[in-house]
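Work through the exercises below with the sequence and the model open side by side. Try each task before reading its solution.

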Amino acid sequence: MGNFTPIGAIRRGDRPLVERKHVDLSVPSAARMYDWLLGGSNNFEVDKAACEELLKAAPTSREIALQNRWFLQRVVRVLARDHGIRQFIDFGSGLPTQRNVHQIAQEIDSESRIVYVDNDPVVLALGGSLLDENDNTTILSADMTDTDTIFSHPDVAGLIDFSEPTAALFVSVLHCLPDSADPKALVERVVSRLVPGSFVVVCQLVSADPQVRSDVTDLMLDKTGGHWGRVREAADVERYFEKLHIEDPGLVDVTDWRPESEIQQHQRSIEWTEFGGLGKVPAQ
C-alpha cells in the first residue's frame, strides 16, 4: 500500500478546485524529482534516491533542469514584454518554485492572468498558495490532455478570454506522455482553440543517443510506476510545430534560446537536451 498522505481541497470562493486525494509517498514523481534537481524542498527521500539513479544514467540532469527553468522565465518575459501577451495557460505546470509564470508576467503587467494545469496531488496542494497571492492566478486540477475540460472549465473562462491572444505553455512536460497519448495531437488541439496571434511554447527532453533514450526512459518508467512517456528525438519535437510559425531563433537546445547570460550558457547538458522553442498561431 505504501505511505499515503491526504491532500485537502484547494478552494476559490465556495467552489472546490481540487478533490481530496491521497499521495503515495513510496513512489517518486517527475514533478518532485524536478524540484529536487532544482534544489527545492518540496520532495521526499524517495524522489532524491530516484534522482541519484538518474544522475548515474545522465550526469548532467541537474544542468538540464536549471536550463529548462531559465528558458521558461525568459520565454514568459519575451511573451509579456515584447508581444503583449496577458493570458497564459501552463499545461503540466509542476511544483511552485522561485520565479513562476505569474510572477514574471505580472512584473510586466499586474493584470496578467495565469491558469496552471496539473493533476499531481502534491502540486495541487502546494499550488494553493498561488490562489492567495492575487485573483488573476488559479490552478486547475485536470489531466493536461483533457482539452475539453480545461477550455470549458468555469475557472478558466473566468480568467482567460479566448477571443484574445493567449500563450499556451508545454515546458518540459510532453516527455511525460506516452506515445499512446499522442502529444503532437494534444498540441494541435490546443492550437486549434487559440486565436491567431496566440503563442505556443513547447520543449521536451531529447537525445541523439539511442542508449540514453532507452536507459532514461526505462529508469523513469520504473521509478514513477509508469507515469512517464519517453525521451524522444529532435525531429519528434519539430513535428509539434507543424501548424505554427516558429519564432527566432528557431527550434534549439533551450540553452541557446535568446540567452541573457553567458554564465547560464555554461551550465550545459551533454547526454540529452531540452529542445524546443516558441511558435505563433498564424492567421487562417
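The exercises that follow concern a predicted model.

**Exercise 1. Find which residues of helix H10 are buried, and determine how they are placed around the axis.**

Solution. 
1. Locate the helix: H10 runs over residues 210–223 and has 14 residues. From its first C-alpha to its last, H10 reaches 20 Å, close to the 20 Å expected at 1.5 Å a residue.
2. List the residues under 20% relative accessible area, the cut-off for buried. In H10 these are Val212, Arg213, Val216, Thr217, Leu219 and Met220.
3. Check their directions from the axis.
4. Identify the packing partners. The buried residues of H10 pack against helix H1 (30–37) and helix H2 (45–57).

**Exercise 2. Describe what is found at the start of H10 and what follows the helix.**

Solution. 
1. At the start, take the side chain of Asp209: one of its oxygens comes to within 2.8 Å of the backbone nitrogen of Gln211.
2. After the helix comes Gly225, with a positive phi near 65°.

**Exercise 3. Is strand S9 enclosed or open, and which way do its residues point?**

Solution. 
1. Count the buried residues. Eight of the eight residues of S9 are buried, so the strand is largely enclosed by the rest of the structure.
2. Sort the side chains by direction. Phe199, Val201, Cys203 and Leu205 point one way, while Val200, Val202, Gln204 and Val206 point the other way.
3. Relate this to the general rule: in a regular strand, side chains alternate between the two faces of the sheet.
4. Find the neighbouring strand. S8 pairs with S9 in the parallel sense, over five bridges. Across this pairing, Leu169 stands opposite Val201 in S9.

**Exercise 4. Identify the elements that supply the largest nonpolar core, and follow the contacts of Val200.**

Solution. 
1. The core has 32 residues, and Phe91, Phe170, Leu174, Val187, Val190, Val200 and Val202 touch the most other members.
2. Assign the core to elements. Those supplying at least two residues each are strands S5, S6, S8 and S9 and helices H7, H9 and H11. H9 gives the most, with four residues.
3. Trace Val200. Leaving out residues up to four places away in sequence, its contacts include Ala168, Phe170, Val187, Val191, Leu194 and Phe241.
4. Keep the other core apart: a second, separate core of 30 residues includes Val75, Ile104, Ile114 and Ile139.

Notes. Residues are numbered from 1 along each chain as its sequence is written. This is a predicted model: local features need pLDDT of at least 70, side-chain atom pairs count only at pLDDT 80 or more; totals for chains, interfaces and linings use all residues. Side-chain values use heavy atoms; hydrogens and water are left out. A nonpolar core is a set of buried Ala, Val, Leu, Ile, Met, Phe, Trp, Tyr and Cys residues joined through side-chain atoms within 4.5 Å. Buried means under 20% relative accessible area, exposed over 50%, partly exposed in between (1.4 Å probe, protein chains only). Contact means heavy atoms within 4.5 Å. The expected span of a helix is 1.5 Å times one less than its number of residues. The arc is that of the directions from the helix axis to the C-beta atoms. A polar contact is a pair of N or O atoms within 3.5 Å; within protein, one must be able to donate a hydrogen and the other to accept it, and residues adjacent in sequence count only if both atoms are side-chain atoms. Two strands pair if DSSP finds at least two bridges between them.
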